[in-house]
Amino acid sequence: MEQGTIERDIHVNASPEVVFEVVSQPEHMREWWPDDARFESVAGAPGELVWRDDDTGETKTVAFAVVEVDPPKRFSFRWCFTEPDRSGPALLVTFDLIPDGTGTQIRMTETGFRELGWEVAVLEEQYRDHENGWDHYMPRLGAYVARLVATP
């Protein structure tokens, strides 16, 4: 297993401009991914993603930093930092938005797993967790975009 890059592609029937808003604005992001997202969509801006466990009510907050904002083509951020102050290695997630007929091809790429310095077992577990996570959240992204463009 390579454990260096995760890629997921989906096609949506919406313009790159609409999709860009959905992947780069906290009010949209929280509709398909974290329970809460707090950040400004500006390169270099720090932020947080929050997940809530429905069974226990506990929350997990993950540091987040915007890397690139290039509407309507690309949005990227770093998360899962090795240091609490958002320094050191981190995973890089990039959403590339490619116009495709009347819609948009969304390519999500997550890289940086090996650079985090995890032991092999931890690396394999984290990589698998992220693969499963994106397998869950990318269809939610597509469904949210479909609901958004269907709303008058």
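Visitor: What kinds of residue make up the lining of the largest pocket?
Guide: The lining divides into 10 nonpolar, four polar and three charged residues. Ala, Val, Leu, Ile, Met, Phe, Trp, Tyr, Cys and Pro count as nonpolar; Asp, Glu, Lys and Arg are charged; the others, Gly among them, are polar. This is a predicted model: local features need pLDDT of at least 70, side-chain atom pairs count only at pLDDT 80 or more, and totals for chains, interfaces and linings use all residues. Residues are numbered from 1 along each chain as its sequence is written, and side-chain values use heavy atoms, with hydrogens and water left out.

Visitor: What makes a space a pocket?
Guide: On a 1 Å grid over the protein atoms alone, a pocket is an open set of points where a 1.4 Å probe fits, with protein on both sides within 12 Å along at least five of seven lines; lining residues have an atom within 4 Å of a point. The largest pocket holds about 480 Å³, the space filled by probe spheres set on points joined across faces, edges and corners. Of its 17 lining residues, Lys 60, Val 62, Trp 79, Cys 80 and His 130 are the closest to its centre.

Visitor: Which element gives the largest share of that lining?
Guide: Helix 3 does, with six residues. Helices (H or I, at least four residues) and strands (E, at least two) are DSSP runs, numbered from the N terminus.

Visitor: Why is Trp 79 called buried?
Guide: Buried means under 20% relative accessible area, exposed over 50%, partly exposed in between (1.4 Å probe, protein chains only). Trp 79 has 7%, so it is buried. Trp 51, at 18%, counts as buried too.

Visitor: Why is the aromatic pair of Trp 51 and Trp 79 called tilted?
Guide: Rings of Phe, Tyr and Trp (its six-membered ring) pair if their centres lie within 6.5 Å; planes under 30 degrees apart are stacked, over 60 edge-to-face, the rest tilted. Here the centres are 5.9 Å apart and the planes 35 degrees, so the pair is tilted. Trp 51 sits in strand 3 and Trp 79 in strand 5, 28 residues apart.
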